[in-house]
Amino acid sequence: MNFEYEKIKRILEFIKEKTNFVPDIGLVLGSGLGDFVEDIKVEFIIDYDKIPEFPQSTVSGHQGRFVFGLIDDVKVICMQGRIHYYEGYAMSEVVLAIRIMKLLGAKILFLTNAAGGINDSFQPGDLMLIKDHISCFVPNPLIGQNIEELGPRFPDMSKVYDPALQEVIKEVARKLDIPLKEGVYIQYSGPAYETPAEIKFFKNLGADAVGMSTAVEAIAARHAGMRIAGLSCITNLAAGLSSAPLSHEDVQKIASQTSEKFKNLVQDSIINFKNR
Ligand code: HPA
């Protein structure tokens with residue numbers, strides 16, 4: 001008996017009793033990027049706090065609900081607000097929603113986040129296509145009894161971010177004339193921002209942007225066989241790279257200011273993922 005999988009199945013059944021919507025794509029909206037749902041033809045919404053056994057999102061700027069709806073004719077399930085490790089949840093709870101989206105039917109997962117820029121060429125307001133990640137500063141979400149129904153004990157992570165989906169995002173960015181950076185995302189636990197010495201260290205490791213969320217979600221999704229796309233909104237230069245102190249308010253402000261090009265890029269990419 002796998003207790004985690006039993007819990008996942010109970011939550012899945014609870015949601016399926018409320019809606020028969022079968023999503024094609026799961027979309028996780030990062031800090032300050034939640035207003036994306038305004039552009040979705042909404043079919044059904046459920047708040048996390050209405051779902052028994054489901055972890056709650058405690059971060060300001062993260063609403064905490066699943067929004068089911070259509071972008072053009074693509075069926076999406078959006079997480080407006082995600083669960084972070086620094087909120088005190090076990091990693092199995094942090095990635096629970098990813099597994100639910102997969103089991104509801106989503107084959108593709110589009111992960112978005114706000115991140116600090118480490119690469120010298122990045123500016124606040126830039127968008128970065130995630131090409132790979134470094135997750136070894138947080139626990140692996142697959143630690144514990146393997147859920148065989150989802151994926152193998154030792155899943156391959158050599159191509160976490162789907163090459164064909166990356167091409168679509170790059171093509172769409174070119175068409176929309178949206179400058180797009182590319183790079184490696186490193187996940188740090190938070191909730192404190194990093195120190196300048198940590199950022200120097202991360203840069204030496206090959207990281208281009210730092211955040212507190214996405215890599216573990218990508219690992220759980222890849223384990224479960226989802227195809228993954230990732231996009232970071234660079235909301236600030238990482239610690240020590242500018243004289244300004246870092247604040248969550250500034251992160252949210254820059255993310256909202258970037259939301260127009262972000263929305264356009266994410267929407268058109270999702271529509272174009274269809275045949276790829
Ligand atoms: N560090 C970690 N997470 C972040 C940052 C940062 O500088 N900016 C936005 N999320």
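Is R82 buried or exposed, and what surrounds the ligand?

Analyst: This is a predicted model, in which local features need pLDDT of at least 70, side-chain atom pairs count only at pLDDT 80 or more, and totals for chains, interfaces and linings use all residues. Residues are numbered from 1 along each chain as its sequence is written, and side-chain values use heavy atoms, with hydrogens and water left out.

R82 is buried, because its relative accessibility is 1% (buried means under 20% relative accessible area, with a 1.4 Å probe and protein chains only). R82 belongs to the loop between strand 4 (74-80) and helix 2 (91-94); helices (H or I, at least four residues) and strands (E, at least two) are DSSP runs, numbered from the N terminus. A polar atom of the R82 side chain lies 2.9 Å from the backbone oxygen of T112.

As for the ligand, its shell consists of A114, A115, G116, Y193, E194, V210, G211, M212, T235, N236, L246 and V251, each with a heavy atom within 4 Å of the ligand. An N or O atom in the side chain of E194 is 2.8 Å from a nitrogen atom of the ligand. A polar backbone atom of G116 lies 3.3 Å from a ligand nitrogen atom, and a backbone N or O atom of A114 is also 3.3 Å from a ligand nitrogen atom. Taken alone, the ligand exposes 260 Å², of which the protein buries 95% (Shrake-Rupley method, 1.4 Å probe).

Conventions. Buried < 20%, exposed > 50% of the residue type's maximum accessible area, 1.4 Å probe, protein only. Polar contact = N/O pair within 3.5 Å; in protein donor to acceptor, adjacent residues only side chain to side chain.
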